[in-house]
Amino acid sequence: MEVDLSTEQVAKKDRVAFWRDVVCQTFVELECGGIAATDFQGSVSTRNLGNVQFSSVRSSSHFVSRTRSMIAQSSKDYFLLSLQTDGVGLVEQDGRTAVLRPGDFALYDTTRPYDLRFHGHSDQLVLRLARSTVASRLADPESCTARRIAGDSAAGRLASTFIRQLHDSLDQLDPNSVSRLHGSMVDLMATALAEQAGAAIEGSEWQVLLRRKVLAYIDSNMADPRLTCESVAAAHGISERYMRKLFENSSMGVSEWIWTRRLDQAKRDLGDPMLTHIGITAVGYDAGFKDPAHFSRAFKARFGMTPSQHRAQTIASRAASAAGH
């Protein structure tokens, strides 16, 4: 599938609103600013390779922000990778800032706030990656966000060159080669990210595999209110002390990961139109929260609104969208 959109398609007075709609539909819900209303130019050309979306983005100066309130109203769960091909771009997330010049790239997570800034003309190749695709290659992808992968480093140059050449050849690829090329691209990307962040290659291969196994176990059992660091350690035949040591260089410990995943599930369920008959307290229980008040406080701290506010906004947004069609 091929999609090409440009501000040249609309009148100058409509370009700001048009661009905001384009970036939200192509990636995730974002706020746009810093746009010169009459002179702004932007275009997006999108292609797919397996479950990876490639988008070639050209634009004048502007910035975009992914806010907590937008995350609370969204069910989209991706990692994005921006590869700068011309001009300069900034990626800000988790207290880090990556300044990207041609050949450089950086990863960012759509389930947490981030900012992108472009000064002057900028061209980027943006890859939208499923969380499972990234998590299967990196033991702790959250520690890799907003880190500049230099296009002139050995691993960075290999990954950057392969991604660009693969994008340029998408229309000529043999369908039988897609899965192998997809795997090679993601492996090169993950190698460069892990090398820069020192995330997935710290410790032995066994430790990396065990961390992945632990995270998968948490995802499968997070509705169990008895799920704790201690119970997870026991289920894997290791001590709680060793469990904590296993995650000491990760962006989140085991307990924090459990709460984060529970809140993510609750947000998805609250926004699911098929589950509106289920009360908010029941949604919290289903996600593993035993105390409704604690659930409400934790949800607001993570997403900037209470569970009931999130559900109400989701319902209103869905109704407005239906009325518009």
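A: Let us begin with a term: strands are DSSP runs of E with at least two residues, numbered from the N terminus. The model shown here is predicted. In it, Thr 46 has its place in strand β3, residues 42–49.

Q: Is Thr 46 buried or exposed?

A: A residue is called buried when its relative accessible area is under 20%. Thr 46 has a relative accessible area of 8% and is therefore buried.

Q: Which side chain does Thr 46 join in a polar contact?

A: The partner is Ser 55, and the polar contact between the two side chains is 3.2 Å.

Q: Which residues is Phe 54 in contact with, leaving aside its neighbours within four places in sequence?

A: Among them are Ser 45, Thr 46, Arg 47 and Leu 49, together with Leu 125, Val 126 and Leu 127. Ile 163, Leu 166, His 167, Leu 170 and Met 185 are also in contact with Phe 54.

Q: How many cavities of 30 Å³ or more does the structure hold?

A: A cavity is a space in which a probe fits but from which it cannot get out. The structure holds three of 30 Å³ or more, and the largest cavity contains about 180 Å³ of space. Its lining consists of 17 residues, of which Phe 27, Val 57, Leu 116, Phe 118 and Gln 124 are the closest to the centre. Two or more lining residues come from each of α1 (15–26), β4, β5 (62–66), β6, β10 (114–118) and β11. By class, this lining has 12 nonpolar and five polar residues, with no charged residues.

Q: What is the volume of the largest pocket, and which classes of residue line it?

A: A pocket, in contrast to a cavity, is an open set of points. The largest pocket has about 320 Å³ of space. Of its 17 lining residues, Glu 29, Gln 73, Ser 74, Ser 75 and Thr 314 are the closest to the centre. The elements α2 (68–72), α9 (254–270) and α12 (307–324) each give two or more residues to this lining, and the largest share, five residues, comes from α12. By class, the lining of the largest pocket has three nonpolar, eight polar and six charged residues.

Q: Where are Asp 94 and Ala 146 found?

A: Asp 94 is in the loop between β7 (89–93) and β8 (96–100), and Ala 146 is in the loop between α3 (131–135) and α4. Asp 94 has a relative accessibility of 36%, so it counts as partly exposed. Ala 146, with a relative accessible area of 3%, is buried.

Terms used: Residues numbered from 1 in each chain as written. Predicted model: local features only at pLDDT ≥ 70, side-chain atom pairs only at ≥ 80, totals over all residues. Heavy atoms only, no water. Contact = heavy atoms within 4.5 Å. Helix = DSSP H or I, 4+ residues; strand = E, 2+ residues; numbered from the N terminus. Buried < 20%, exposed > 50% of the residue type's maximum accessible area, 1.4 Å probe, protein only. Polar contact = N/O pair within 3.5 Å; in protein donor to acceptor, adjacent residues only side chain to side chain. 1 Å grid on protein atoms, 1.4 Å probe; cavity = no way out; pocket = protein on both sides within 12 Å on 5 of 7 lines; lining within 4 Å. Points joined across faces, edges and corners; volume = space filled by probe spheres on them. Nonpolar A, V, L, I, M, F, W, Y, C, P; charged D, E, K, R; others polar.
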